[in-house]
Amino acid sequence: MAFTARRTFNSRRALAAATAVAAVAATTVFTTQFASAAETDVAAAQACTLETLPIPEGLFQSAKVTGMSRDGSVIAYQAEPFDYSDPETGLRHYPLLYAGGEVTEVPMPGEWQEIADVNSKGVGAGFAFVNDVPLPYVWRDGTLTRLLGGQGFAYGINESGDIVGQVYNKDTGVTHPTVWRAGTTNPVRLALPENAQWGAATAIANDGRIIGTITLEGDHSGDTKPYIWSSSGVGRMLPMPAGVSLADADAHPMEINGDWVSGTLHAPGVDAPGIRWNLAKGTVEMTGLGQSEETVAIGPDGTVVGHVWNAPTAAYQTGATVYELPGLIDAADNLNYDNAEAISADGTLIAGWAVSGYEGGREMHQAVTWTCA
């Protein structure tokens with residue numbers, strides 16, 4: 001079974017409409033709002049200062065932020081090689097942690113290494129491809145340890161140190177959403193609906209609630225559906241905005257922060273794929289952010305960060321207003337896009353990456369932070 005790293009989960013299969021409707025739990029009544037990018041106001045950033053994060057000298061053209069602790073004290077990012085065709089360095093990434101003005105290198109084996117998330121204690125969850133097999137890891141107290149259970153990924157961590165991800169069972173051919181409790185390396189499978197054949201856990205809240213994706217039998221479109229598990233392990237589907245059929249949706253919840261969940265949604269009639277759910281109020285709405293499978297992160301007040309849909313500019317959105325963040329080059333010269341990857345709990349620090357230029361036909365980007373008033 002092949003895996004694709006970084007929130008672009010493989011073996012996605014849609015579920016039939018009747019099955020999907022029956023699987024939705026009635027514990028929360030959601031109201032829905034459909035908002036396209038055209039209905040979202042775009043404004044200039046409000047006093048946000050851009051700074052770059054340091055990267056080691058050598059064969060590195062770029063760096064990207066991959067995660068940040070909820071208080072903003074620790075940032076996970078990675079240096080990337082200049083030449084991806086180089087057989088020695090081309091597929092290697094070099095994970096880094098930035099805290100208190102100092103950089104810590106995280107030695108990981110293999111290729112495509114990543115610390116996907118980190119907490120304020122500097123404990124990081126991530127993965128690497130070793131001999132073309134993805135393996136989950138935890139970085140704790142200066143030591144890298146493989147998480148048990150088989151091949152898979154670790155995607156998220158909370159302040160307690162609980163880690164979530166996915167593990168592939170080669171005997172059954174099923175990929176299971178998995179949690180590794182704080183201080184342990186033993187996997188605990190999360191329950192799937194009876195008709196589910198695949199699942200992944202993508203993020204875990206401090207109160208133990210977990211979000212992720214599932215696929216059910218009967219449809220092989222490759223789409224995934226949004227799912228949430230309570231702290232006791234009881235699962236239910238997250239709903240779609242008005243006008244979007246769950247059967248036609250490809251949804252990826254990516255972050256949970258308090259009662260807010262954010263991610264992306266691809267479906268007929270949807271322009272900007274950014275989506276956010278409010279679990280306390282029972283609401284779901286589209287935002288003006290998102291691009292492909294890049295992260296749309298969320299703060300505890302519902303502020304989402306990512307980038308302006310169909311534009312090269314990183315951004316954050318509060319309410320219905322999208323605020324553009326400054327870049328390293330003129331937006332007219334940006335052939336790709338900048339992206340905000342994470343936001344601190346108080347909303348003053350945003351971390352991500354920005355395109356810094358082009359050299360020899362190659363795009364260069366830098367890991368950056370935006371400090372906002």
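What is the mean pLDDT of the chain, and what share of its residues reach 70 or more? The mean pLDDT is 85, and 84% of the residues reach 70 or more.

**Confidence**

- Over residues 1-38, pLDDT stays under 50.
- For this stretch, residues 1-38, the model has 122 contacts beyond four places in sequence.
- Where pLDDT is low, the predicted coordinates should not be read in detail.

- C48 belongs to strand β3, residues 48-52, and C372 to strand β30, residues 362-372, so the bond ties together parts that are 324 residues apart in sequence.
- The disulfide is right-handed because the torsion about the S-S bond of C48 and C372 is about 115°.
- Both cysteines of the pair, C48 and C372, are buried.
- In general terms, a disulfide is a covalent bond between the sulfur atoms of two cysteines.

**Strand β8 and its partner β9**

- The antiparallel strands β8 and β9 are joined by five bridges, with β9 spanning residues 124-130.
- Among the residue pairs across these strands, E114 has F127 of β9 as its bridge partner, and I115 stands opposite G126 in β9.
- Together β8 and β9 form a hairpin, with five residues between them.
- In the turn of this hairpin, G122 has a positive phi of about 80°.
- Strand β8 is mostly covered, as six of its eight residues are buried.

**The loop between β9 and β10**

- Residue N131 is found in the loop that runs between β9 and β10, the latter spanning residues 133-140.
- The phi of N131 is near 55°, a positive value in a residue other than glycine.
- N131 has a relative accessible area of 71%, over the 50% cut-off, and is therefore exposed.

**The loop between β25 and β26**

- N310 lies in the loop between β25, residues 304-307, and β26, residues 314-318.
- Its phi is near 60°, so that N310 has a positive value in a residue other than glycine.
- N310 is exposed, with a relative accessible area of 67%.
- T313 is also placed in the loop between β25 and β26.
- Is T313 buried or exposed? With a relative accessible area of 11%, T313 is buried.
- Beyond its neighbours within four places in sequence, T313 is in contact with H307, V308, E324, L325, A331 and D338.

Terms used. Residues numbered from 1 in each chain as written. Predicted model: local features only at pLDDT ≥ 70, side-chain atom pairs only at ≥ 80, totals over all residues. Heavy atoms only, no water. Pairing = 2+ DSSP bridges. Helix = DSSP H or I, 4+ residues; strand = E, 2+ residues; numbered from the N terminus. Buried < 20%, exposed > 50% of the residue type's maximum accessible area, 1.4 Å probe, protein only. Contact = heavy atoms within 4.5 Å. pLDDT = per-residue confidence, 0-100. Disulfide = S-S within 2.5 Å.
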